[in-house]
Amino acid sequence: MLGLMQDWPLLLHRIIDHAAIQHGTREVVSRAVEDGTLRRRSYREIRSRALRVAKRLDREGIGLGDRVATLAWNSDRHLELWYGISGIGAITHTVNPRLFPEQIAGIVSHAEDRLMFLDLTFVPMIEAIQEKLPSVARYVVLTDAAHMPQTRLRGAVAYEDWLTEADDDFTWRAFDENTAAGLCYTSGTTGGPKGVLYSHRSNVLHALACAAPDYMGLSARDTVMPVVPLFHANSWSLAYSAPMTGAKLVMPGAKLDGPSLHELLEGEGVTMTAAVPTVWLGLLQHLEATKGELSTLKRVVIGGSACPRAMTETFERKYGVTVAHAWGMTEMSPLGSFCSVKPVYEQLSGDALYDLKVKQGHPPFTVEFRLTDDAGRDLPWDGKTFGRLKVRGPAVAGAYYRHDEKILDDQGFFDTGDVATIDPAGYMQVTDRSKDVIKSGGEWISSIDLENLAVGHPDVAEAAVIGVAHPKWDERPLLVIVPKPGRAPSKEEMLAFMTGKIAKWWLPDDVVLVEAIPHTATGKIQKTRLREMFKDYRLPG
Ligand code: ADP
């Protein structure tokens, strides 16, 4: 027997409708890419402009299933495009501008995007590769006539001019909730980029699950600044979950440096924000140098790569801002777990609490975990045994876009490629990406644990650990450090600092200082590149 409830498909435009009706005057503040000034709109205006986008696209001949690329920073325009594009059943392909131009050409061609919306910043880059983008019939530059550059991009038009040609007298198209809404390619940290195709239903469920108190913890009284880009897997749900809850949005545009972010945090009264650790490194350095404060910020979500314990402690102890460590991946829409405190751990304080907070945490409803060995046998959740972390849920990829590879196991779980432990209370901790783990004498050393420890040293700004070839042990850890300005910790100092805090045989065999560590397009330490840089490195002795 079927239930007798209404048929109300989970469609993304219902989110912006709700925001406009219930939270119509709440602001979306954006830093303009043109000149860095702040532009203010309301959810009501965003919805009206999204409807104009939808109507204008419809007139352009774009419809159900067509792919439309965006190459853009976080802004009101990017937000209204998202809702406008998916509101007619077309698919927003968020392109990560930090990919190499060759990779961008590759994924835009693979997706066969018909139209591209791009920020001013990216016009020269796309001009240089437009011959390799044959599917793109037209380019819309996200600016107005006054700021429109001379460009040889095919059919180029300024967005505000393009949009004037349509009013908001338009009805969202009706279609099944399983219709594709967004396309995001993995940034290829460990392989070639692959397309993850989100549906309306998966994105709505993901946003609902993430908004809850133990996860993003959003409310209508919040002011949310997604520093994590819309092109980094749905801005970790915020472009949906903030309007869904009526939180004010602050979009930082192209300026993600410490001083610019601090100005927005303080100036707009931001209460919650989210980004990868490297972004917060910049902010914390700025605060330290200027003796700045965080007077309104309550929560910061840190994920995308392991959040160092020292960073959590600085935010919490020095600035009184609660850190939620989050883990996920493009294939999971992207959020898989958050480290908030369950009642079983309520009594923890001081160091013991920070031991918990380095873990990646527990999954929201809609995400199931499985831990197995290489043969696919389940492993115990004892907080010690590590194995392959596998996931299942309504917002987890079941296949890649236009890819034949089978990616689910016999029980429908997706292998994340991460090695992890899960404790009896359900808290997951990532040991490493399986490709980054250091294999020494048949045993595994976690590069994440070593990095975490090394950045706790007062002279260290950033640290990375890779395995380098060793004649006896196969691989041994090499610690690569970016020192803080004016500091130069020695190998002996570093090893002395780490001794006693980890097993002796985990201690790195050598320490090298570098000016910068390479990062991927999503801000992760680029281990493949680092291993390449040190491939001929000879360990002492
Ligand atoms: P990419 O496209 O670079 O693979 P993703 O953002 O999808 O980008 O990367 C997902 C991977 O990032 C995860 O499988 C995991 O290895 C790593 N990751 C994400 N969050 C964390 C975290 N909090 N701690 C450790 N690793 C993380």
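**View 1. Arg 370 and Asp 378 meet through their side chains in a salt bridge, 2.9 Å from N to O.** Here a salt bridge means a side-chain nitrogen of Lys or Arg within 4 Å of a carboxyl oxygen of Asp or Glu. Arg 370 counts as buried because its relative accessibility is 7% (buried is under 20% relative accessible area, exposed over 50%, partly exposed in between, using a 1.4 Å probe and protein chains only). The charged end of Arg 370 also sits over the ring of Phe 413, 5.8 Å from the ring centre. For that label, NZ of Lys or CZ of Arg has to be within 6 Å of the ring centre and within 35 degrees of the ring normal.

A quick note on the model: it's a predicted one, with local features needing pLDDT of at least 70 and side-chain atom pairs counted only at pLDDT 80 or more, while totals for chains, interfaces and linings use all residues. Numbering runs from 1 along each chain as its sequence is written, and side-chain values use heavy atoms, with hydrogens and water left out.

**View 2. Glu 368 forms a salt bridge with Arg 392, with the closest N and O atoms 2.8 Å apart.** This one ties together distant parts of the chain: Glu 368 belongs to strand 16 and Arg 392 to strand 17, 24 residues apart. Strands (E, at least two residues) and helices (H or I, at least four) are DSSP runs, numbered from the N terminus. Glu 368 is partly exposed at 38% relative accessibility, and so is Arg 392, with a relative accessible area of 29%.

**View 3. Asp 66 pairs with Arg 114 in another salt bridge, the closest N and O atoms being 3.0 Å apart.** Both ends sit in loops: Asp 66 between helix 2 (43–59) and strand 3 (67–71), Arg 114 between helix 4 (101–111) and strand 5 (115–118). Asp 66 is buried at 16% relative accessible area, whereas Arg 114 is partly exposed at 33%. The structure holds 42 salt bridges.

**View 4. Trp 280 and Phe 315 make an edge-to-face aromatic pair, 6.1 Å centre to centre with 85 degrees between the planes.** Rings of Phe, Tyr and Trp (its six-membered ring) pair if their centres lie within 6.5 Å; planes under 30 degrees apart are stacked, over 60 edge-to-face, and the rest tilted. Trp 280 comes from helix 10 (residues 277–290) and Phe 315 from helix 11 (residues 309–319), 35 residues apart. A search of the whole structure turns up 13 aromatic pairs.

**View 5. Phe 386 and Trp 444 are stacked, 5.5 Å centre to centre and 20 degrees between the planes.** Phe 386 lies in the loop between strand 16 (368–372) and strand 17 (387–392), while Trp 444 is in strand 21 (residues 443–445), 58 residues apart. Phe 386 is partly exposed at 35% relative accessibility; Trp 444 is partly exposed too, at 28% relative accessible area.

**View 6. Trp 82, Tyr 83 and Tyr 240 are linked into a cluster by ring pairs.** For a charge over a ring, look at Arg 14: its charged end sits over the ring of Trp 8, 4.2 Å from the centre.
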